[in-house]
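Welcome! Take a look at the picture, then read on.

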Amino acid sequence: GRPQSTAMATAPVESVCKMNASSKTGAIEFHIGAWSSLPSEHVVGAATQGRTCSETMQAVSDQWLIEVVPGGLSLPSDTEEEVQRRKEHVAIFLFYKGDSEALRAKFSITLVNQLPGKADWTRDGSSV
């Protein structure tokens, strides 16, 4: 079967997070207006603290969910050095929530920096 999120997500506060999905273009936007309001605990394995999820969104006839972990994510098998390094990162996951057994998707994630003169960051994901 296909991978699914096993974590129970922290429900976003309506005034902090808003979502927009286009069923025609496939674009999904998950805006977080008050980043500092999100839980930011470092997450190890399937722990539930520190996670914030979008609602399930419809885009191009399929359903998707975005999960954000501002305090980073580590595996239980990671060394202490790896855990400390990962605490400096943000983990972002895109989960497929549809019914298709065979699906190909290509995605990119853009973090928009709200500070004047600071660059945005875009990462193209692999085809999955």
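## A question to begin

Does F93 count as buried, partly exposed or exposed, and what is its relative accessibility? F93 counts as partly exposed, at 26% relative accessibility. Here buried means under 20% relative accessible area, exposed means over 50%, and partly exposed lies in between (1.4 Å probe, protein chains only).

## What you are looking at

Please keep in mind that this is a predicted model, in which local features need pLDDT of at least 70 and side-chain atom pairs count only at pLDDT 80 or more, while totals for chains, interfaces and linings use all residues. Residues are numbered from 1 along each chain as its sequence is written, and side-chain values use heavy atoms, leaving out hydrogens and water.

## The overall picture

The protein chain has 1 helix and 10 strands. These elements are DSSP runs numbered from the N terminus (helices are H or I with at least four residues, strands are E with at least two). If you follow the sequence, the pattern reads β-β-β-β-β-β-β-α-β-β-β.

Of the 128 residues in the protein chain, 26% are buried. The chain exposes about 8600 Å², and carbon and sulfur atoms supply 51% of that area; accessible areas come from the Shrake-Rupley method with a 1.4 Å probe, and for residues only the protein chains shown count as cover. Among contacts with a separation of 6 or more, 50% are between residues 24 or more positions apart, where contact means heavy atoms within 4.5 Å.

## Two salt bridges

The structure holds 2 salt bridges, each a side-chain nitrogen of Lys or Arg within 4 Å of a carboxyl oxygen of Asp or Glu. One joins the side chains of E67 and R51, at 2.8 Å from N to O. E67 sits in strand β6 (residues 62-69) and R51 in the loop between β3 (43-44) and β4 (52-53), so this pair ties together parts that are 16 residues apart in sequence. E67 is buried, with a relative accessible area of 0%, and R51 is buried too, with 5%.

R86 and D78 also form a salt bridge, with their closest N and O atoms 2.2 Å apart. R86 is partly exposed at 26% relative accessible area, whereas D78 counts as buried at 15%.

## Back to the loop

The loop between β3 and β4 also holds A47. This residue, A47, is partly exposed, with a relative accessible area of 24%. A47 and L73 are 26 residues apart in sequence, and their C-alpha atoms are 9.6 Å apart in space.

## Two aromatic pairs

A pair of aromatic rings is described by the distance of the centres and the angle of the planes. The structure holds 2 aromatic pairs. Rings of Phe, Tyr and Trp (its six-membered ring) pair if their centres lie within 6.5 Å; planes under 30 degrees apart count as stacked, over 60 as edge-to-face and the rest as tilted.

W64 and Y96 make an edge-to-face pair, 5.1 Å centre to centre with 65 degrees between the planes. W64 lies in strand β6 and Y96 in strand β8 (residues 91-96), so the pair ties together parts that are 32 residues apart in sequence. Both W64 and Y96 are buried.

F95 is buried, with a relative accessible area of 15%, while F93 is partly exposed.
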